[in-house]
Amino acid sequence: MYKPHFILLICCLLQASISAGQTISGFVEDKNSGERLIGANVFDLHSQLGTATNTFGFFSLSIKAPGDSITVIVSYIGYERWQQVLASDADVQLKIQLVPQALLADSVTIFAEKLESITETTAMSVARIPVKQLAKMPSLLGEVDVMKTLQLLPGVQSGNEGSSGMYVRGGGPDQNLILLDGVPVYNASHLFGFFSVFNSDAIKNIQLTKGGFPARFGGRLSSVIEVNMKDGNNQEVAAKASIGLVASRFMLEGPIQKGKSSFILSGRRTYLDLLVRPLMPDDEKAGYYFADVTAKFNHIFSARHRLYLSTYTGIDRFSFESKDDYSTNNGELDWGNITSTLRWNWLHSGNLFSNTTLMYSRYRFEVFSGAEELQGNEDESYFLRHYSGIEEFAARIDYDYIPSPLHYVKFGINVNSRSFNPGAIQLKTNSDNFNKDLLLTPNQQQNALEINGYAEDDWKLNSILKINLGIHSSFFRVGGTQYLSVQPRLAARALIGDWAIKASYAEMRQNIHLLTNVGVGLPTDLWLPATEKARPQMSRQVAAGISRTVLDGTVDLSIESYYKTMDNLIAYKEGASFLGINEDWQDKIEFGEGRSYGVELFMHKKTGRTNGWLGYTLSWSDRQFDELNFGRRFSYRYDRRHDLSLAFTHQLSRNIDLSGAWIYGTGNSITLPTATYKPPEANGRTGLEYYEDIFYYAQRNGIRMGAYHRLDLSLQYYRRRTGGERFWTFGLFNAYSRRNPFFYFRETDYEGNRTIKQVSLFPVIPAISYTRTF
Amino acid sequence: MKLNFSTTYKFICSMLLLIHAGFLASCADYFEPRNVTVSFPEQDDMLVINGILNPDSVFQISVSRSTGILKKEQNPFIANAQVELFESGQPVAVLTHTANGRYRGANIKPRAGQTYSIRATAGDFGAVQATATIPVAVTIDSVKVERKTNNFEGEIEITIGFSDPAGKENFYHLLLLAYENNNGRIGGVFQTHFSTRDVVLKDGDDFGTEETNHWGEGWFDDTLIDGDNYSLKINAFDYMGEIARFKVILLSTTEAYFRYFSSISSQQETDENPFAEPVQVFTNIQGGLGIFTGFSSSSAIIDLIPGLENP
């Protein structure tokens, strides 16, 4: 059934192989730091052809020049335009260094120019957030947060109050592929989801793709979030330190060999536990902290070869300890990620570039509790430990082949090996009555192998029509079960006057599942492989939209609609939870399907003293499981009919920026009983004497919580002094102190009066932080 | 005032501590739950029919009303309902109210293998109806008992033999009752704990023991044993040597019975667990709530201490 797709692809590749005359290739980087720039526009004025740099700052532009020279223009957000006339008689390899606009310039261009314009590219459902803009957005307790800023985009919904979890176009949080320098991050949040694991000081670029997926993306159904770390300044040593309400951060970068190799090291730690611990009594101590460290090293061997080594490690730890004369009790809750990647860039020729990657990623959750008691003259102790997690090793190679300005071909392959550990409980004790070291639940570790291959071509058919055609294939093996899939991808753009009309179709397959309890974003959520019983998740998404720039090119306007179906979704059975230790996880789940559809409006003002965006989503999302809700279709918990975000930054003066965000969303759908009723009368022969009144749930997720809305404000004051810049940031989270619902619960008082009560998390919360660069 | 480096940082640290303290204090108050003022859907009261028929008892069902989740608890039983009983579609009786919402058909007992329907109306409630077929009892053919003498918990293995009717879905409810030894007489009765490794009753491994524990009862179907002469093994416990007699009851039930009690049991076991998924209780009452079903039973007595006087 996929034969036509293959034939089309081969035709594309054959067409693509017809190379053009002159090839201009090279890298675009920041002149001051040597940092390679992602998505910079490279444009030939004469032929009106252009391209954009890839993740490693590489570009290639093949041109049949009409005259004896060409004029290359390079532009990028926040940088001065670069322009040069080149002879058109031979291939040229360039290292283009862009000069940053002054930080305190009157306005910062948010998005770049023509080639990246919303009407030019075939890509749809893609958003890139400039890090400079991210740093100015208001945030909870002053902690700048990548994921929370992404939540302000249309089609992206937050979960619960304060959560950094993301629900993209009706999909679950497991359906987002979060890549840090190309490595999957399996749990991207600290503090039960209130903060993301990404330290903004170390981030160079963020891009979200929520539909129209090119073939190079695979493995998740709903979105791909690419977070790229800075490479490190290879010209001079620079540092940045910041102290805020929640955490302190630092960043140090500099050359090891000027112009050749550099490093960047950044870290972050919360410190409330350190402040409070000395005030606690000696016999009772408790504390929580999270910390993360990112480090990256890179070396340029030659104009053709470059190596990157980057790593991230983060941990959350909650601990307690109590003791008296006879016993000591302690416990810990730990979870965290480790990711590492080694990447090798190889510029084979002016129009062929490859990147080879070795990567490692691990997420682990562990809880333990221990006690020692003095029994007579002997110590008796026990130690109970629960652990779960996922570990991945992978290797991949990706090629960019640009044979002509009409084609941009990408192809590659990756192999990964994952080890899933959905949970084990271990008991150790020196008590005479028990086994000394007992594994209470069998370790259900499962290993899986996955191989993916892809090929895609961004093909400009004529001045009106441009398509991106590709195929992604996946082979997955776990135990004796194997799955093979071929996933076609197609995106097209047609220019009609000033309007770009876009459409896309994408099939995605996800070979892993996340088993999560409704409404509880805990680190206890379990990553699991697809198995014979729990088959891989699949989605099909169709999207169509129009876009154009208005108001003299200062505002991007786009309207997109989408329809997505999802198969082989999993959910806990009724009554089940992760706490049930006596069952195989596959016995605790049900299988079903989902669908989501909606319309998204996005207006983005790019320039001027006031810039920002307005996003609105009208959407529906539901699920159908044969064994849940008596087989009837029900609303997804995060089915949000209306979702509105308004984000802005206004430059009050040369030294002061004011930014804000107002968010409105329909309340979450939750399951609560709407009535109670009597069970059958007690009867010794039917075992009914133990039953109490029954709760009647009319519909799963049938209750809407109150609407969510919130205003966040931030004022940033900055000054340049000798030796660096200083920033004071003052913020208000939930400025008008809206009591947003976090969860509801039932309560009956002593007189039998029954009420539903609401717990809200955050009132207005002020924030202050001080940052200094050196 | 000109601040030097260390003074600035001392100031910042002091401010942070102060702000932290203020933040925590405000949160402590804020995290207190508040009464919801947002609108909550008011559920209309519904008629609740509970009727579990068996050939050993006269027809009896109870009629009550549900109570909205925000309403104060009240007497839910309905005394003025009109309850009609049908056998194979033909009217059999109008049940009469006795007390506390109970409706009884005098001197009429259900028959195994027959299909019964009820139709009930009361006041402003719309009519509700339901249908059930009374299963034919699957008799316990044999019971074997083996006392595990080396076990300090007084473990007793009970093997229950029965023949599952072939070619149709059968549902079972197993009860284990224990009778105390009351000074040489058979004393009080209670449902007693048993464990099992038998695949038809096993539902996961409890604490790595490869066993499932049941508190006096268990449900199972014949998916794995259709048409078999099956010997079901359970382990009962006479912890203190005080049990005089066990009684094993095998109820042959319906799918509705199976689904109703599985769900009600699951709901009540997990209702207080904030991490557990909510459980919707099954109903087969059209237009209302509750259950209308039936069972037939077979039982066997196991005397651990022979010759004791019955109560």
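Trainee: In what order do the 3 strands of the open sheet with β41(A) come?
Mentor: In this predicted model, the order is β42(A)-β41(A)-β4(B), with antiparallel pairing.

Trainee: Which are the edge strands there?
Mentor: They are β42 (694–696) of chain A and β4 (67–68) of chain B, each of which pairs on one side only.

Trainee: How many bridges join β41 of chain A to β42(A)?
Mentor: Strand β41, residues 675–677 of chain A, is joined to β42(A) by 3 bridges, and the two run antiparallel. A:Thr676 has A:Phe695 of β42(A) opposite it.

Trainee: Turning to domains, how is chain A divided?
Mentor: Domain 1 of chain A covers 3–106, and domain 2 covers 126–668 + 705–773. Between them, 36 residues of domain 1 of chain A are in contact with 37 residues of domain 2 of chain A.

Trainee: Which element gives the most to the domain 1 side of that contact in chain A?
Mentor: That is α1(A), with 7 residues. The elements that each supply at least two residues to this side are α1 (3–16), β1 (22–30), β3 (49–52) and β4 (58–63) of chain A. By class, this side of domain 1 of chain A has 15 nonpolar, 17 polar and 4 charged residues.

Trainee: And what are the domains of chain B?
Mentor: Chain B has domain 1 (47–133) and domain 2 (140–254 + 295–303). Their C-alpha centres lie 32 Å apart.

Trainee: How many residues are in contact between those two domains of chain B?
Mentor: In chain B, 6 residues of domain 1 are in contact with 4 residues of domain 2. The domain 1 side has 4 nonpolar, 2 polar and no charged residues.

How values were computed: Residues numbered from 1 in each chain as written. Chains lettered and ligands numbered in written order. Predicted model: local features only at pLDDT ≥ 70, side-chain atom pairs only at ≥ 80, totals over all residues. Domains from an automatic or database assignment. Contact = placed C-beta atoms within 7 Å. Nonpolar A, V, L, I, M, F, W, Y, C, P; charged D, E, K, R; others polar. Helix = DSSP H or I, 4+ residues; strand = E, 2+ residues; numbered from the N terminus. Pairing = 2+ DSSP bridges.
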